[in-house]
Amino acid sequence: MCPGIRPARHVAILMPFEVPESVYYRIIEHCRSCLPFEGCGLLAGTAGRVSVFYPMVNTEQSSSRFLMDPAEQFQVMRSMRESGMEMLGICHSHPDGPPYPSETDIRLAVYEDAVTLIVSFAGGGITVRAFRIAAGTVTAVPLRRS
Ligand SMILES: [Zn+2]
């Protein structure tokens, strides 16, 4: 990016988050395998394009919270860097809750550049939505399967 030239914030927010169909189904399968607990994982890729999903262990083993194992997270993030990828998204599921960040999700969001992907199994369905959470503000991001 040219120094001194920054895209306007709203332009970045309106850009759809693209997830390949195969990755999309891996996310759902992983989160489903974690039921009745929340499942979680990281999305990585290059140039803003997701190519890999890393399923992660939810050390909380809870249906309303998730916590990634710091050692596993460190290892996965190092593997991303070594493959020339960046972390583009953090996903987790809501076994019974809506596909929207909870107050805890908003409070604990630390990676403002990453998209938060939420898979909801509420009501027996499957709904996947994407958001950006920055400084306590949640913005919906269009999710596009490619
Ligand atoms: Zn959540």
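## Surroundings of L43 and the nonpolar core

In this predicted model, L43 touches V50, F53, L88, G89, C91 and L117, when residues up to four places away in sequence are not counted. L43 also belongs to the largest nonpolar core, a set of 29 residues in which I27, L42, L43, C91 and L117 have the most contacts. Two or more residues of this core come from each of β1 (17–19), α2 (21–34), β2 (40–46), β3 (49–56), α3 (70–82), β4 (86–94), β5 (115–120) and β6.

## The sheet and its helix

Six strands make up an open sheet of mixed pairing, in the order β3-β2-β4-β5-β6-β7. The edge positions are held by β3 and β7 (137–141); each has a single partner strand, so one side of each has no neighbour in the sheet. From one strand to the next, the twist averages 30°.

Helix α2 lies across β2, β3, β4 and β5, and runs at about 15° to β3. Strands β6 and β7 are antiparallel and are joined by five bridges. Within this part of the sheet, F131 stands opposite A140 in β7.

## Position of V128

V128 is located in strand β6, which spans residues 127–134. Apart from neighbours within four places in sequence, V128 is in contact with P99, L117, V119 and L143.

Is V128 buried, exposed or partly exposed? It counts as partly exposed because 18 C-beta neighbours lie inside 10 Å, whereas a buried residue requires 20 or more. The C-alpha atoms of V128 and S63 are 17 Å apart in space, and the two residues are separated by 65 residues in sequence.

## Overall architecture and dimensions

The protein chain contains four helices and eight strands. Read from the N terminus, its elements follow the order α-β-α-β-β-α-β-α-β-β-β-β. Among contacts between residues at least 6 apart in sequence, 63% join residues at least 24 apart.

Along the principal axes, the C-alpha atoms fill a box of roughly 50 × 30 × 30 Å. Of the 146 residues, 29% count as buried.

Terms used: Residues are numbered from 1 along each chain as its sequence is written. This is a predicted model: local features need pLDDT of at least 70, side-chain atom pairs count only at pLDDT 80 or more; totals for chains, interfaces and linings use all residues. A residue is buried if 20 or more other C-beta atoms lie within 10 Å of its own, exposed if 12 or fewer, and partly exposed in between; C-beta atoms are placed from the backbone. Two residues are in contact if their C-beta atoms, placed from the backbone, lie within 7 Å. A nonpolar core is a set of buried Ala, Val, Leu, Ile, Met, Phe, Trp, Tyr and Cys residues joined through C-beta atoms within 7 Å. Two strands pair if DSSP finds at least two bridges between them. Axes are lines fitted to C-alpha atoms, for helices over the stretch in contact, and angles run from 0 to 180 degrees between N-to-C directions.
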